[in-house]
Amino acid sequence: MDRPLSIVVFSKDRPAQLDLCLKSIFKNLRNLISDKWTVDVIYTSSTQNFEIGYQTLMTEWDVDPVCFNRETPIGGFEGNLERSMKEWGKNVLFFTDDDIVYKEFPINSTKAIYQALDIDDLFCVSLRLGKNTFIQDQYTNKRCPIPEEVNDGSEIIKTWLWKSHPEWSNFSYPFSVDAHVFRSSLAKKIISQVDYFNPNSLEGRINGHIRKNLDSLPNKMGCLEKGCVVNTPINRVQETCHNGAGVFFGSSAKTTNERFLRGERLSLEEMDFSTIIGVHQELRLCWEQDKCC
């Protein structure tokens, strides 16, 4: 429990995108992590080809502190997450395999984020939110009202009263598996209060539980001045939540896996992150072999 941070990455049928996510974590979160940290990948595959993709990925990421755990027939996703929770450090940061840490976490924010997480009235610190994430829905161009504290605050970690913002807003959505950091004790307590079977049901049911128990929960959320993580919904690999995906730069999980199995790899350096204005935003994937972005 002396580790300041444990990272948990959820993945299904996306070894190529998971590879990109891990590359981005190791490149751009260096200022947030120390020599005592873990990256626990909890994954599942629906076909033999996807499983071969993961087995290939594991040989390339056979390094500390990355650990791969396949969902087991007995216990499934819930059992894997419960085992993972026993090993968490003081704080936990969740990712899904289609998340990308697209810019470097600022070194002057490291101490501030851990100090903020020690405050009982803080629910989480989001690495995806900031004054640059003003679009709520990329498909309808619906805008997201940004708290005044995020736009105008001088503090390194901007905090606001999330319960006072519209329920549909990203700034009023405290439990996300896309780049939110929590005190492990709080995350474990909340997770234990719901039933779930995959990451989408975990997030959805926890937020449903939250809406029914507002008075008993921390009042504030936090973020940096600008987000450094984006979710890229270019495909959908589950039917629990029917969010939009793959409208602008769609690439099926099957197609990306086939390219991965042929030895091709997604390139973090070739991607264009200059247009990010929301927490969920489709981006064109760039392959090292193409050099076309």
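Which side chain meets that of D290 in a salt bridge? The side chain of R259 does, with 3.2 Å from N to O, where a salt bridge is a side-chain nitrogen of Lys or Arg within 4 Å of a carboxyl oxygen of Asp or Glu. This is a predicted model, in which local features need pLDDT of at least 70 and side-chain atom pairs count only at pLDDT 80 or more, while totals for chains, interfaces and linings use all residues. Residues are numbered from 1 along each chain as its sequence is written, and side-chain values use heavy atoms, with hydrogens and water left out.

**Strand pairing**

- Helices (H or I, at least four residues) and strands (E, at least two) are DSSP runs numbered from the N terminus, and two strands pair if DSSP finds at least two bridges between them.
- Strand β6 (residues 122–126) runs parallel to strand β11 (residues 220–223) and is joined to it by four bridges, with V125 standing opposite G222 of β11.
- Strand β9 (residues 158–161) is also joined to β11 by four bridges, but these two strands run antiparallel, and here T159 has G222 as its bridge partner.

**A mostly covered helix**

- Helix α3 (residues 76–85) has seven of its 10 residues buried, where buried means under 20% relative accessible area, exposed means over 50%, and partly exposed lies in between (1.4 Å probe, protein chains only).
- The buried residues of α3 include F77, L81 and M85, and among the elements that cover them are β1 (5–12), β2 (37–44) and α7 (199–212), contact being heavy atoms within 4.5 Å.

**Salt bridges**

- The count of salt bridges comes to 15, and side chains of opposite charge can pair when their charged atoms come close.
- Within helix α1 (residues 15–28), K23 and D19 are four residues apart, which means about one helical turn separates them, and their side chains meet in a salt bridge at 3.2 Å, N to O.
- In this pair K23 is partly exposed at 21% relative accessibility, whereas D19 is buried at 2%.
- K131 forms a salt bridge with E225, their closest N and O atoms being 2.8 Å apart.
- Because K131 lies in the loop between β6 and β7 (135–137) and E225 in the loop between β11 and β12 (229–231), the pair ties together parts that are 94 residues apart in sequence.
- R259 and D290 belong to a network of salt bridges that also links R262 and E264; within it, D290 is partly exposed at 34% relative accessibility and R259 is buried at 19%.
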